[in-house]
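Visitor: I've never looked at this one before. Could you walk me through it?

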Amino acid sequence: MQQRVALKRVGRALLPWAWTGPAVVLIAVVVVWPVVVMVQSSFLKISRFGVVNGFNGTANYEKLFAEPDFGGVMFRSLIWVVAVVALTIVISLGLASLFNQQFPGRRVARWALIAPWAASVLMTSIIFKWMLDPGVGLINIILHELGFLDAMGGADADPLGKAGTAFPWLIFVSVFVSLPFTTYSLLAGLTAIPADVYEAAKMDGAGRWRTYWSITLPLLRPALTVATLINVMNVFNNFPIIWAMTHGQPGYSTATSTIFMYILKGSDIGESAAMSVINFGMVIVLVAVFMKVSREKQEVARA
């Protein structure tokens, strides 16, 4: 009898693992193990063909930090993330607020916003590259018709051939493909706000902007936090847009750390692995800083 009771207790204790166990195994195999291998590889001497030639200590990191373009790449990566995420959040807030209103053609407008999300990011990047072609690109043709092309260098001007013009275009395309997800995430948060809250604010005499800053944004904070975190991780690790449009050129002037890591892989896998570890650490730091700031703002708001 006691054995049967003990078995039942063990069964109850193990029952949750029947549901969470597969997820834990999947995370261990897909997330944890690759990270372990990545860190391990950063301390090995690996040829460009993948042959391990023994332990290399911290030489891969020393070689990486000695790269003349390393500092510029890391600074550009930070600008890339901040610019794309900030612009995406601000524009998405406006679009979500618009789509939360009743107006003719709202359903069509909502479906139109999904188009960049439904299309492949690589395909979208290639299309924009064609549109920016200095010879036959649609954007250059429009600029010529508007009379702006001469001021930008004439008919032979290549928007993707100079860092000063290429990087802003890369940011634009990244914002373009990030808007649908972010807008719909914020729109879901807006629709979850109870209508009676706005009615109470209206009865208290609060204006439109006062209501937005004091009610809408605070209640939208959970959706904003999730959308920002996902965008930070996606944008930081974004590869197809930059690679398809510029390959990080000219030089490394449009390369972020992810592109730099891929380029290094062709000559030194160990150094590339070290760059991967730096990337992983930067993502964790960015997310941790954002979560700390968000938590402090929530505590101030509650106080």
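Predicted model: local features only at pLDDT ≥ 70, side-chain atom pairs only at ≥ 80, totals over all residues.

Visitor: Which helix has the highest confidence in the protein chain?
Guide: Overall, the chain averages a pLDDT of 82, and 90% of the residues score at least 70. Confidence is lowest in α1, at a mean of 75. At the other end, with a mean of 92, sits α10.

Visitor: How big is the nonpolar surface patch that includes V30?
Guide: Start with V30, which lies in helix α1, residues 2-41. Its relative accessible area is 52%, and exposed means over 50%, so V30 counts as exposed. V30 makes the patch together with V25, L26, I27, V29, V31, V32, W33 and V36. The patch comes to about 850 Å².

Visitor: Is S42 buried or exposed?
Guide: S42 lies in the loop between α1 and β1. Leaving aside neighbours within four places in sequence, S42 is in contact with several residues, including G57, N60, G270 and V277. Its side chain also joins that of Y61 in a polar contact of 2.8 Å. With a relative accessible area of 0%, S42 is buried.

Visitor: Which residues are linked with K63 in a network of salt bridges?
Guide: Take the two pairs in turn: D268 bridges to K63 with the closest N and O atoms 2.9 Å apart, and K63 meets E271 at 3.8 Å, N to O. K63 lies in helix α2 and E271 in helix α12, so this pair ties together parts that are 208 residues apart in sequence. The residues in the network with K63 are D268 and E271.

Visitor: What is the phi of H247?
Guide: H247 lies in the loop between α10 and α11, and at 35% relative accessibility it counts as partly exposed. H247 is not a glycine, although its phi is positive. The value is about 60°.

Visitor: Which residue does a cis peptide bond join to Q249?
Guide: Look in the loop between α10 (240-245) and α11 (257-265). The bond's omega is about 0°. The residue joined to Q249 is P250.

Note on methods
Residues numbered from 1 in each chain as written. Heavy atoms only, no water. Patch = residues over 30% accessible without salt bridge, like charges linked within 9 Å, V, L, I, M, F, W, Y side chains within 5 Å. Areas by Shrake-Rupley, 256 points an atom, 1.4 Å probe, with all protein chains shown as cover. Salt bridge = Lys/Arg side-chain N within 4 Å of Asp/Glu carboxyl O. Helix = DSSP H or I, 4+ residues; strand = E, 2+ residues; numbered from the N terminus. Buried < 20%, exposed > 50% of the residue type's maximum accessible area, 1.4 Å probe, protein only. pLDDT = per-residue confidence, 0-100. Polar contact = N/O pair within 3.5 Å; in protein donor to acceptor, adjacent residues only side chain to side chain. Contact = heavy atoms within 4.5 Å.
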